[in-house]
Amino acid sequence: MKKNIQIKKTASLIFFVLFLCIIAFRLSFVENISIESFSIPGILFDNLISVLISCILLIISAAWLTIMFWKGKEYKYTGFEAGAFIFLIAAVLSFFYASNKRASLNDSLTILAVMASAIIMVQLLNSEIKRKILLFFLIAMAVVNVFQCIDQYSTSNEMMIKEYKANPNEQLSQLGIEPGSFAQMLYENRLYSKDVKGFFTTSNSSGSFLNLAMFSAIAVFAGGLKKYRKDLKTIFFPLFIIAILILGMALTASKGALVSLAAAFIFLCIAYAFGKYLLKYKVIIVLLVFAAFTAGIVLMISYGLKHDRLPGGNSMLVRWEYWKAAAEIIADNFLTGVGGNNFGTYFTHYKEARTLETVRDPHCFILTIFSSYGIVGLAGFLTFLILPICKAIRQTNSIENTEVHFSEMLKTAAIPAIFVLLFFRPLSIRSSLGSSIEVAIYIIGILYIAPVFIFATTLWVIARSKKCYSEFSIQQAAVLCGILAVIVHNLIDFGIFEPGILTSLFIVIALAVSNNENVRLIQLKKTYRFPALALTGIVAAGCIWLFVIPVGNTALEVEAAKKLTSFGYFDNASALLSSAIKCDVFNPAPANFKGTMESYWYQTNPSQNKDKLVDSSESFKIAISRDRSDFKNFEKLSETYQLLAEANPSQCNKWFELALDALNQAISRYPSGGDLHLKAATVAQQLNKTDEAIEHYIQAIAIEDAYREEFKVMYPDKEFFSRLGEINYNFAKQRLNQLRNQK
């Protein structure tokens, strides 16, 4: 009997450690799930790593559920399940309506895998020891991110600027940015802003995660800091860790994160001061908060409609523009949404002429889910987010001594995590070791060894501070305020959808509700163990068939094709890209890459490679069939047709007609694309379509003028940079006058 009990505990611990390793790994590098570029080396391997992490999360979640059925365990029902089921329906529905179905699949996988892991973590977090270890892992990874922030602030950002100044074209070509373009101006603006972001894509995202970690630290150390406040030796390490997290917040300089931190901290103080009254009148308070929130939304929308912007600086001005476009997308796709990670493609359909940037996200998590997954997806996501939190609010702190076996369990969890970070993390980081031994040693030390050392050291320091947490339970109010800080911040940002942050947030919500006495317990019947096992098999097979094989083959073949192209082996590269197109029938990227490569192939020797232009046009047609809403494929197809017109003078009218038609298709998907209108006007002139050319010139000039007005408002002290190009802008005006005079 004792042996069986020990086996159960061991199985639970193994799965718990597996989840901790994945969380630590996911928070230790910049995870990319959506960017696909033929110019950036290794970018598709980043996509593959992200997909693999999500597949592993999903499979081990299903496997633990099967074990629970096999052992006849009690299952804690929290409300996560209802939200996940509704969201699953929305994800399937939105997939069929998505333009880019691969993007939709990968995005849905990421969110559903995190949801599944949160559901299972509720079952695994069956002791105060495990709950504290989970928070300690998040705190340790936050300290690692602060180290990365310090490195970026003191060294890395300056080095990137120096490298850019020394050879800007090399850096731009690696990023797929055309020199002298508006994209270069935006890149330089970000580069010189010296964004401090840790292992995330923006400083706002880093600030969001640090908020969660800071309140986690308060949750576990608050009791000890209060009791031993006069014993500096005892409380030194916890205070030092909190100070490091505060330093990280300061380095990110994220206004949204700092404001949400202040708001959540004030709320925490109120909760500690008036906790009994808040619980007594919780229904009335929740209704008042909801009413205040609704009133705030109404006032914000009213202000925006009246002034065509939100109160605040440039960031709020552009957010209003993003939100207006998102509202139009939602209105046109209310039930189904446009599909996960398809917002960026549809944004150009609704983007205003004055808006400076084209974005992939509306910078509000509610609008992101609503526009991507429709009203059903929003209902599911909010149910998953809010229902467990509501249950967690009713929970009171229960004291449980965690000194017994804590060090042993922390060591059991930490050693595998250190192993993963040390040996698997390097696979997720694309970095050259340089040409000298000194540079290689520096990169290995700072980029690979130091983060693992800091992670391990932070856990060791925490283990040495037992007095500050072993006698005290986790402060539920602090945990909930950390969740609140992330949610509030992401009403005006998108950091919540970075996989590491989404995973951490939902896992912390799982922790908050895992020890709730109001959670409904369901006795799982062993008779259902075989259906559960079959479900695990289906999940594993589905992950391999829908994600691992197609995404893996695409990454391997496209990345190999990139290298072959750089050495001039176009035939071999073309064969690999053709195979990649067949491997993933949902992904438009390989066809786009193939069309781009074939067009370049033609230009290396136009007289011998005319047939490659036809191949290029066919490749772009495949890309269009797989993502009909993206204007870029139509624009590239038009460029290919124009090259065909130049290569075949006797049939130039035919190819120019096709080029103009492709450009008009692109313009219908990006009406505010000034350069598209300029290209269309030029081609229309070639066909003697004067009226059409005049209309496109008028549109190109009007779009540029609107942009110029916005630029002056946003950057009054900055030297103006033309999005259309000063030469092209003046050319459009001259041609417009000439054509009008001819009429």
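Which helices do the buried residues of α13 pack against? In this predicted model, local features need pLDDT of at least 70 and side-chain atom pairs count only at pLDDT 80 or more, while totals for chains, interfaces and linings use all residues. Residues are numbered from 1 along each chain as its sequence is written, and side-chain values use heavy atoms, with hydrogens and water left out.

Back to α13: its buried residues pack against α3 (80-97), α12 (314-332), α14 (365-393), α23 (631-647) and α24 (652-669). Helices here are DSSP runs (H or I, at least four residues), numbered from the N terminus. Buried means under 20% relative accessible area, exposed means over 50%, and partly exposed falls in between (1.4 Å probe, protein chains only). Seven of the eight residues of α13 (residues 343-350) are buried, so the rest of the structure largely encloses this helix. Among them are Phe343, Tyr346 and Tyr350.

Leu247, by contrast, sits in helix α9 (residues 232-252) and counts as partly exposed because its relative accessibility is 40%.

Now for the rings. Rings of Phe, Tyr and Trp (its six-membered ring) pair if their centres lie within 6.5 Å; planes under 30 degrees apart are stacked, over 60 edge-to-face, and the rest tilted. That rule gives 35 aromatic pairs. In one of them, Phe136 and Phe406 have ring centres 5.8 Å apart and planes at 85°, so they meet edge-to-face. This pair links distant parts of the chain, with Phe136 in α5 (residues 128-166) and Phe406 in α15 (residues 406-423), 270 residues apart. Both Phe136 and Phe406 are buried.

How values were computed:
Helix = DSSP H or I, 4+ residues; strand = E, 2+ residues; numbered from the N terminus. Contact = heavy atoms within 4.5 Å.
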